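Student: I am new to this structure. Please take me through one part of it closely: the place where the two chains meet.

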Number of protein chains: 2
Amino acid sequence: MTTMAPGTTCSVLFEDGMVTVGERPMPAPDGHDVVVAVTSAGLNGADILQRSGRYPAPGNAPDDQPGLEFAGRVVALGTAVTRWAVGDAVMGIVQGAGQAGHVATHEDLCIPVPAGMDLADAGGVPEALVTAHDALVRQAGLLAGDRLLVTGAAGGVGTMAVQLAHGIGATVVASVRGRARHDALRALGADEVISPDQQADAGPWDVVLELVGAPSLATVTPALAIGARVVVIGVGAGARLELPLLHLMTARATLRGSTLRARPLADRIVASRRAGVLLEHLHGRGELVVPVASRHDLEDAADAYTAFETSGGVGKVLVVP
Amino acid sequence: MTTMAPGTTCSVLFEDGMVTVGERPMPAPDGHDVVVAVTSAGLNGADILQRSGRYPAPGNAPDDQPGLEFAGRVVALGTAVTRWAVGDAVMGIVQGAGQAGHVATHEDLCIPVPAGMDLADAGGVPEALVTAHDALVRQAGLLAGDRLLVTGAAGGVGTMAVQLAHGIGATVVASVRGRARHDALRALGADEVISPDQQADAGPWDVVLELVGAPSLATVTPALAIGARVVVIGVGAGARLELPLLHLMTARATLRGSTLRARPLADRIVASRRAGVLLEHLHGRGELVVPVASRHDLEDAADAYTAFETSGGVGKVLVVP
């Protein structure tokens, strides 16, 4: 770790689209905030968008400090904090600046790290966990017995969604490009692994978690079950959908779009709390693993971003302050 | 009324796309069915589609007997009927054959005609009532204070939706073509009446009831409020939507398609029961009227269909057996 000036902490920074590392003031905990010394912090697609200027950070989050998730230990408490003590192992989603030595965040956004989960892995859990849980459970109302399609299932949200849905008792169909990833997804709990060109024929779908975008979604709208719920949270492959409305009407189906990051604090707290409960439950039964593709010292953050953008495998890319 | 052979009843019939009138066997009530002597029966867009062969009747409904709604008096009871007695005034939705002298239907699909409502008007109520109520309340979860857009608001479902939503306490914006209809819609409870080209600017919309189709819907998706619910139940003007998925994602909005006619009996019963309760409530306060455009003897059904297809006004076209 780099030696820091007193009262500062290290942080990954974006400067004119480049990834660097620098110092920022040590965050101070106000009111309900805790300060966490970060052990690991995952990279996400939104970081890449933010670096290119296409996804401005919401709320008070700085535009030049990336990072939507962290895990670590509580080192300071705001005066109103009641849930945590110094030394507690927590993880959580943040609106930015998670890839840093220290983060300050609302105590109710913190999720306890389950017993037995390595803190060096846990920083890759919260964003995918809360995103996948919110989309599957709160938005789509996923139930045991539902036939679920997860498109783009090899990424962070996809692998988490497969595990959560398997734990809930859904029939999980994971769609990925490339046969090399099939075994990894089956090991995570997918009942079937298909390629994108099979999405139209492998339905009918009770629930679809769309992580790829319009070209993928267009193949599934003709194959929706009665009462189907489709949740779109990723549109990297295209955001303009040609939608035959009769597909929705005959199936009496729901198409919902969602993002997590810009929601009001109260909603992010509810989403985090509920996702944390299912995480505890499934991890306790040994039914949830955190696939890690690679770990990089925070000083080598540029390497981490290169690894993230060229990754063809399954699992999270993490920086370790 | 034409003289009927014993054991028969008169019915509007479709023969090779033409509207005629003929005799059909008098329906007998099985189990939970009641037989109703029809006083009035409304025409709906689905009748026109069925006549042209583009909307086959679902379930056991005959393809050649139109009519999705009726009002009249109970004249015979199945052995299991508990809710009704001979002589009761009822209305209801049916899957077909409602434009006839008599209809048989499940007792739980019958809605009591509110005290003071003319049976000669009531036959134009059920289809619009149950459709609008189901879409606004059960599908979209309309609440007091929501800003609601009803597109194509001058038709049967539209005028009913305006009244129900006004009664619920929503801010109701009715979109119609032609200034001639503005006063009628204001009188029904619309807070604002706009033309379709104002739909994009008069939002943001918490709830949209889309009765027109894709061209109309395309103008409102950029103007959705956070958490918006859009329900599509009419696509006469076009069924292929160019949908920018980011409109749904940023608003965390829901787009739902729905049809009423093909649903399972249990769901049609729930929809009818709940809509009937709100009808009773609003009609009792004098807050619900049934705009009638014209009434036609059942023998002159062809005239009724011509009036329906050329109607430029506000209100239902009814046949009177």
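Tutor: Start with one pair of side chains. Glu242(A) and Arg240(B) meet in a salt bridge, with 2.9 Å from N to O. Keep in mind that this is a predicted model. Between chain A and chain B the count is 2 salt bridges. Polar contacts join the chains too: 9 residue pairs, both at pLDDT 80 or more.

Which elements of chain A give two or more residues to the side that touches chain B? They are helix H6 (214-220), strand S13 (240-244), helix H7 (245-251) and strand S14 (254-257). S13(A) gives the largest share, 5 residues. By kind, the residues on this side of chain A divide into 17 nonpolar, 6 polar and 5 charged.

Now take the interface as a whole. On chain A, 28 residues are in contact with 28 residues of chain B. The size of an interface is often given as the accessible area lost when the parts come together. Here chain A and chain B bury about 2,400 Å² between them. Of that area, 58% is on carbon and sulfur atoms. Three residues of chain A stand out: Leu245(A), Met249(A) and Arg252(A). They supply 29% of the area that chain A buries against chain B, more than any other three residues.

So much for the overall view; now return to the opening pair. Find Glu242(A) on one chain and Arg240(B) on the other, and you have a salt bridge between the two.

Key:
Residues numbered from 1 in each chain as written. Chains lettered and ligands numbered in written order. Predicted model: local features only at pLDDT ≥ 70, side-chain atom pairs only at ≥ 80, totals over all residues. Heavy atoms only, no water. Contact = heavy atoms within 4.5 Å. Buried area = accessible area lost by both parts, 1.4 Å probe. Salt bridge = Lys/Arg side-chain N within 4 Å of Asp/Glu carboxyl O. Polar contact = N/O pair within 3.5 Å; in protein donor to acceptor, adjacent residues only side chain to side chain. Helix = DSSP H or I, 4+ residues; strand = E, 2+ residues; numbered from the N terminus. Nonpolar A, V, L, I, M, F, W, Y, C, P; charged D, E, K, R; others polar.
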